[in-house]
Amino acid sequence: MKGAGAVNDLPRDILQRIGNTTLLPLRNVVPKNGSRILLKLENENPTGSMKDRMALAMVEAAEADGRLAAGGCVVEATAGSTGVSLSLVCAVKRYPLYIVSSDAFAKEKLDHMKILGAQLEILHSESGGMTEKLTRDMIEGARIMAQKRGGFWTDQMTNTDVFAAYHKMAEEIWTQTGGQVDGFVQSVGTGGSIRGNAEGLRRHNKQIRVVAVEPAESPVLSGGKPGSHKIDGIGAGYVVPLWQKEIADHIEQVSTEEATAMALRLAREEGLFAGTSTGANVTAALHLAGKMGSNATIVTVLVDTGMKYLSKKWPT
C-alpha cells in the first residue's frame, strides 16, 4: 500500500519520543577564552524535562522484575519534574499515581501532574523554599502512602534503575560531539543524572572533567550546612544516597540569585527559556570553561523548560 512504510515508522506512543534530544552550541553566552559550551536540550522531551528519561526507566525496570504488576499503582515524593514525568508514564501505561509534593515548588508542575491524572498530597513549606526537613518529610510521606496503598514506590533518591537512562543520554552526547568532550557539568538533585552521565562518558574517556553544581545557600556536598534555597529540583539539603564524591572533580556552588540571572540571560540572549537549575548549570559551565584551554568543549544540560516556572517572580 502506498505510504505504508511511513505509517509503520510512526511511534507507538508518546513514550517513544523520550530521548535523542538536540545538543546546541551557545552563541552569545560564551566563555571569553573561545572554548565552547554545548547545551543538551532536555526540554525537547514530552513533558519538557530530562526527568522523562528516569521516570520511564524506573517504571519499566519494575515492570520487568515484577515489582510493578498489572493493576498496581505507583507512589513518589517529588519537587515536581519527576512527578510530572511519572504522571506522563503512568497515564500512558494506565497505572494510578500518588504523589507527595509541596507548595514550595512551581504551581505549574503541580497542576501538570493533576492534569495528567496524578493524585497529590501537598506539604506546606514554612520557609517557602527547599529545605532538608521538607525533603525528608516528603520522602516519609511517600513511604507511608506506598505502605497504605500497597503500591510501588519508585523512590528516586535511592533507585539505581535511573542510571541506565542516563548512560543512554551520555551515549547521545558522545555521538553528537564526535567524542570531543572535555568537561561535563550538571546540578545535583537525586544525583542520578550526573552519576549516570559521568559513568557513561568516562567509559569513552576517563579524562573528562566532571563538575557538580549545588546551591550556594545549601552547600552540603561541599561539607557545608544545609539551608533554604529556591532552585527547583536540586539541593536536597543532605548528601543524597546516589551521590559518590568521586563522581566530580569539582563541586561548584551557585546561588539562587546567580542561577536566576543566568536563566534570564539564556532567554534574552539565546532564546532559550529554562528553569533556574539550567541557569546554575550554565553559570558553572562558564567557570569551568574559563579554567580550560581555548579548544575545550564543555557539555551541560538544559534541564527543563521555563514554561514550568511562569508563575515564578522573575526579576525585570
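This is a predicted model: local features need pLDDT of at least 70, side-chain atom pairs count only at pLDDT 80 or more; totals for chains, interfaces and linings use all residues.
**View 1**

**View 2. R136 and Y238.**
Here's another charge-and-ring pair to look for: R136 lies over the face of Y238. The distance to the ring centre is 4.1 Å. As for rings pairing up with other rings, the count is 1 aromatic pair. A pair like that is described by how far apart the centres are and by the angle of the planes.

**View 3. An open sheet of 4 strands.**
Follow the strands across the sheet and you'll read β5-β4-β3-β6, with parallel pairing. The edges belong to β5 (119-123) and β6 (152-153), each of which pairs on one side only. Zoom in on β4 (residues 97-102) and β5: these two pair in the parallel sense over 5 bridges.

**View 4. A helix lying across the strands.**
Helix α5 (residues 132-149) lies across β3 (74-77), β4, β5 and β6. Check its direction against β4 and you'll get an angle of about 160°.

**View 5. S35 in its loop.**
You'll find S35 in the loop between β1 (23-25) and β2 (36-41). Is S35 buried or exposed? S35 counts as buried, because its relative accessibility is 5% and the cut-off for buried is under 20%. The side chain of S35 also makes a polar contact with the side chain of N33, at 2.7 Å. Leaving aside neighbours within four places in sequence, S35 is in contact with A289, G293, S294 and A296.

How values were computed: Residues are numbered from 1 along each chain as its sequence is written. Side-chain values use heavy atoms; hydrogens and water are left out. Rings of Phe, Tyr and Trp (its six-membered ring) pair if their centres lie within 6.5 Å; planes under 30 degrees apart count as stacked, over 60 as edge-to-face and the rest as tilted. A charge sits over a ring if NZ of Lys or CZ of Arg is within 6 Å of the ring centre and within 35 degrees of the ring normal. Two strands pair if DSSP finds at least two bridges between them. Contact means heavy atoms within 4.5 Å. Axes are lines fitted to C-alpha atoms, for helices over the stretch in contact, and angles run from 0 to 180 degrees between N-to-C directions. Buried means under 20% relative accessible area, exposed over 50%, partly exposed in between (1.4 Å probe, protein chains only). A polar contact is a pair of N or O atoms within 3.5 Å; within protein, one must be able to donate a hydrogen and the other to accept it, and residues adjacent in sequence count only if both atoms are side-chain atoms.
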